[in-house]
Amino acid sequence: MIKFENQQFHLSNKFFSYVMDIAKEKHLMHRYWGKPIKFFHDSIPLQKIDRGFSGQLATFPNERTFSLDVLPQEYPVQGHTDFRIPAYRVELENGTNISELNYKAYKILDSKPALKNLPASFGESQTLEIELEDLNKNFAVKLYYTVFEDSPVLIRSAKFINISDKAIKIRHASSASIDFNDNDFDIINLYGGHAAERTIQRHKLQRGIFEISSARGASSHQQSPFVALVRPETTEFTGEVYAASFIYSGSFAIKVEAEQFGTTRLVVGLNPETFSWKLEPGEDFQTPEVALNFSAEGLNGLSQGFHNFFQKHLIRSKFKNDVRPILINNWEATYFDFDENKLLALADCAKDLGLELLVLDDGWFGKRNDDNSSLGDWFLNTKKIPHGLQFLVDEVHKRGLKFGIWVEPEMTNEDSELFRAHPDWILHAPNYKTSFGRHQLILDFSRAEVVDYITDAMRKVFSSAPIDYVKVDMNRHMTEAFSPTLPADRQFETQHRYMLGLYGMWEKLTAEFPNILFENCSGGGGRFDAGFLYYMPQTWTSDNSDAVCRLSIQAGTGLAFPIVTQGAHVSVTPNHQVGRMTTFQMRNFVAYAGTYGFELDITKFTDTEKSEVRDYVKLYKEIRSTIQFGKFTRLLTAAYEGNEYAWQFEDDNRLIVMYFKILQKAAAPVRILKLAGLDANKNYTLKKYLPPKKLSVDGGKQIVNFEEKTFGGDELMNAGIAIEKIDTDFAAYLWVFEK
Ligand code: GLA
């Protein structure tokens with residue numbers, strides 16, 4: 001998979017080739033990334049052109065056709081003849097930022113190195129380590145490239161090593177930089193806000209610099225650490241896609257520069273606005289990894305590449321290949337207003353409906369009856385749960401359900417015992433009052449004693465009763481992100497040190513409690529990123545549980561992340577976030593397309609509604625393995641907040657199709673769905689078909705007349721299936737075929 005010949009590195013597998021070479025025995029150049037090629041014999045030689053205002057290094061002043069400003073590089077620096085966005089910036093003790101990384105050596109490693117307190121991909125692979133050294137021997141950089149035989153994903157990261165006898169300061173450290181020879185791209189990114197995560201945006205790459213970033217100390221709801229550069233003609237099924245998903249949960253920056261000569265540079269890394277790092281002599285600094293993904297089969301190819309990769313080579317939980325329990329979460333059912341009796345009533349009802357897990361959300365600890373107090377006081381509120389957690393868990397277990405609990409370890413409130421005892425344990429800047437978010441303050445996870453204290457508090461909660469599941473939340477972003485324990489010249493390390501502290505805690509706790517299924521959450525999907533997947537195999541996708549909003553949120557999330565990682569719950573109407581009435585069927589089927597659960601007061605269901613829920617739950621149990629682990633395909637263009645969505649899930653035995661239409665229109669054309677990627681020679685028998693139900697008959701038992709019938713894969717792909725006309729908004733359809 002990794003070859004070095006004639007000064008050229010060629011990384012390849014059946015999905016891609018990635019080629020670099022060494023120019024003038026010193027400069028590591030980027031030569032090719034795309035469909036696999038057997039050899040790279042320089043059919044696209046480096047363009048050696050004398051360009052005005054693009055200068056030469058002093059080592060070859062007369063070679064006016066060799067300028068770093070013009071050439072494609074692997075890890076470029078700014079201000080030493082290249083003026084484009086840099087991959088890194090190092091400040092020397094004398095205050096200058098100039099460096100020149102020259103090629104020194106390479107190594108091929110047959111096992112993938114793990115990273116300390118950082119998520120790291122794993123599995124059968126080869127890793128190339130290229131060592132570059134600064135001309136003046138102040139520091140070295142090792143670039144890492146990991147190729148997996150079974151994946152289109154290439155993993156990159158960089159390590160800085162101070163080889164001088166003076167301290168240096170890293171001002172900017174990217175995990176990867178890639179130069180493309182042209183700029184004929186659209187950019188796809190996932191933007192949003194709280195309760196509106198990961199909306200797909202596609203727009204033409206324009207001359208200039210486009211930035212997707214977060215300075216919030218979390219990967220954020222606002223911009224996902226993901227980007228795709230696609231050809232203008234790229235569709236769901238065809239065309240080239242070059243994508244990056246940053247394996248990190250803190251502040252980040254992804255920049256794309258379409259520069260003067262019509263080339264493009266993509267840089268992915270820590271956000272230089274919120275980061276710097278002092279390296280003493282002999283010390284090193286490792287960047288997070290970034291997953292680069294090439295697809296020649298359009299956006300579905302991209303998604304399938306990432307889905308398989310994350311499942312196989314990033315998520316570690318022992319539950320990663322298990323179908324996930326159908327849960328009832330009490331948050332939208334009760335908010336803070338619950339007690340033991342209410343929880344047991346939910347458990348009774350959940351058992352009757354066939355649900356499998358009761359999750360006790362926020363409000364079970366300290367004196368927390370609203371969101372103004374008690375974060376940090378991780379002991380039971382015995383007013384609400386008088387017989388203790390062990391009793392509650394036992395009672396839930398007796399009903400045949402698993403038990404889950406909510407925590408938010410990184411936070412405290414002014415009104416808490418923790419804060420009263422340790423007021424200096426929060427992120428803050430001297431002489432400025434600390435800002436609030438949801439009345440919360442952020443614990444300074446860059447400090448070892450804070451991390452140790454909270455790790456221990458969590459350990460006590462998790463071992464206080466036989467807890468099966470933990471939902472981990474984080475409900476505000478960082479302000480005044482400084483730490484009193486760090487010296488002045490290290491203050492800008494706080495955010496990243498915080499992340500290392502946080503990852504370190506989850507490294508320990510997930511190892512100590514392997515039998516707990518962890519769910520990641522940050523006000524919904526505010527930290528839905530590849531970094532957290534390493535520790536927790538699923539994430540609460542969004543605080544928005546409205547089925548219509550969820551269509552676009554889940555479509556955007558599915559672009560990069562596996563279906564089984566996305567928490568999706570049925571909630572009440574009118575919906576609590578947007579006030580919308582949608583059909584019960586739509587709410588159920590949208591929640592089917594993830595780890596299905598309920599988040600409403602199920603004890604209030606009428607008998608007819610209960611019988612309907614039993615049917616939905618029964619059906620989901622039959623087909624969930626296909627939905628959660630099958631190959632996922634978007635049949636219609638990833639509907640950029642569109643009116644229609646069609647999703648296909650397929651495994652060796654079964655094929656499931658879902659179609660959603662939000663609003664009906666008069667004289668609408670008949671929608672034909674052409675299924676995709678099936679085996680043309682196999683037969684598919686339609687076993688179940690559920691057409692939409694109207695809003696007005698919500699709650700009624702559905703009687704569906706359809707014929708069990710067998711179709712060839714070729715017919716389903718080429719002729720397609722026609723959507724039966726139904727006069728209702730919020731229409732949701734489901735087909736189950738068996739192979
Ligand atoms: C966040 C989560 C919700 C819920 C609340 C509790 O907003 O995303 O699901 O747990 O916190 O305060």
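**Notes on a buried arginine, aromatic pairs and salt bridges**

1. Arg-84 is buried, with a relative accessible area of 4%. Here buried means under 20% relative accessible area, exposed over 50%, and partly exposed in between (1.4 Å probe, protein chains only). Please keep in mind that this is a predicted model, where local features need pLDDT of at least 70 and side-chain atom pairs count only at pLDDT 80 or more, while totals for chains, interfaces and linings use all residues. Residues are numbered from 1 along each chain as its sequence is written, and side-chain values use heavy atoms, with hydrogens and water left out.

2. What does Arg-84 pair with? Its salt-bridge partner is Asp-179, with 3.8 Å between the closest N and O atoms; the criterion is a side-chain nitrogen of Lys or Arg within 4 Å of a carboxyl oxygen of Asp or Glu. Helices (H or I, at least four residues) and strands (E, at least two) are DSSP runs, numbered from the N terminus. Asp-179 also counts as buried, at 3% relative accessibility.

3. The structure holds 55 salt bridges. Another one joins the side chains of Lys-107 and Glu-129 at 3.9 Å, N to O. That pair links distant parts of the chain: Lys-107 belongs to strand β6 (residues 101–109) and Glu-129 to strand β7 (residues 126–134), 22 residues apart. Lys-107 counts as partly exposed at 45% relative accessibility, whereas Glu-129 is buried at 7%.

4. Lys-725 is exposed, and so is Asp-727. Elsewhere, salt bridges that share partners join Lys-278, Glu-280, Asp-489, Arg-490, Glu-493 and Arg-497 into one network.

5. On to the rings. A pair of aromatic rings is described by the distance of the centres and the angle of the planes. A search of the whole structure finds 62 aromatic pairs. Rings of Phe, Tyr and Trp (its six-membered ring) pair if their centres lie within 6.5 Å; planes under 30 degrees apart count as stacked, over 60 as edge-to-face and the rest as tilted. Phe-365 and Trp-378 have ring centres 4.4 Å apart and planes at 45 degrees, so this pair is tilted. Both Phe-365 and Trp-378 lie in the loop between β22 (357–360) and α4 (388–398), so their pairing ties together parts 13 residues apart in sequence. Phe-365 is buried, and Trp-378 is too.

6. How are the rings of Trp-425 and Tyr-453 arranged? Their centres are 5.3 Å apart and their planes stand at 70 degrees, so the pair is edge-to-face. The pair links distant parts of the chain, with Trp-425 in the loop between α5 (417–421) and β25 (440–442) and Tyr-453 in helix α6 (residues 448–463), 28 residues apart. Trp-425 counts as buried at 8% relative accessibility, while Tyr-453 is partly exposed at 35%.

7. One aromatic cluster deserves a place in your viewer: Phe-584, Phe-589, Tyr-592, Tyr-596, Phe-598, Phe-605, Tyr-616 and Tyr-620 form it. Lys-24 lies over the face of Phe-60, 4.7 Å from the ring centre, and over the face of Phe-66, at 4.9 Å. The test asks for NZ of Lys or CZ of Arg within 6 Å of the ring centre and within 35 degrees of the ring normal.

8. Phe-185 lies in the loop between β10 and β11 (186–191), and is buried with a relative accessible area of 0%. Leaving aside neighbours within four places in sequence, Phe-185 is in contact (heavy atoms within 4.5 Å) with residues including Phe-180, Leu-205, Val-230 and Tyr-242.

9. Finally, the overall picture. The secondary structure comes to twelve helices and 38 strands. The radius of gyration is 27 Å, close to the 27 Å that the globule rule gives for 739 residues, so the protein is as compact as a globular protein of that length. This radius is taken over C-alpha atoms, and the rule is 2.2 Å times the number of residues to the power 0.38. The C-alpha trace spans about 85 × 70 × 45 Å along its principal axes. Buried residues make up 64% of the 739 residues.
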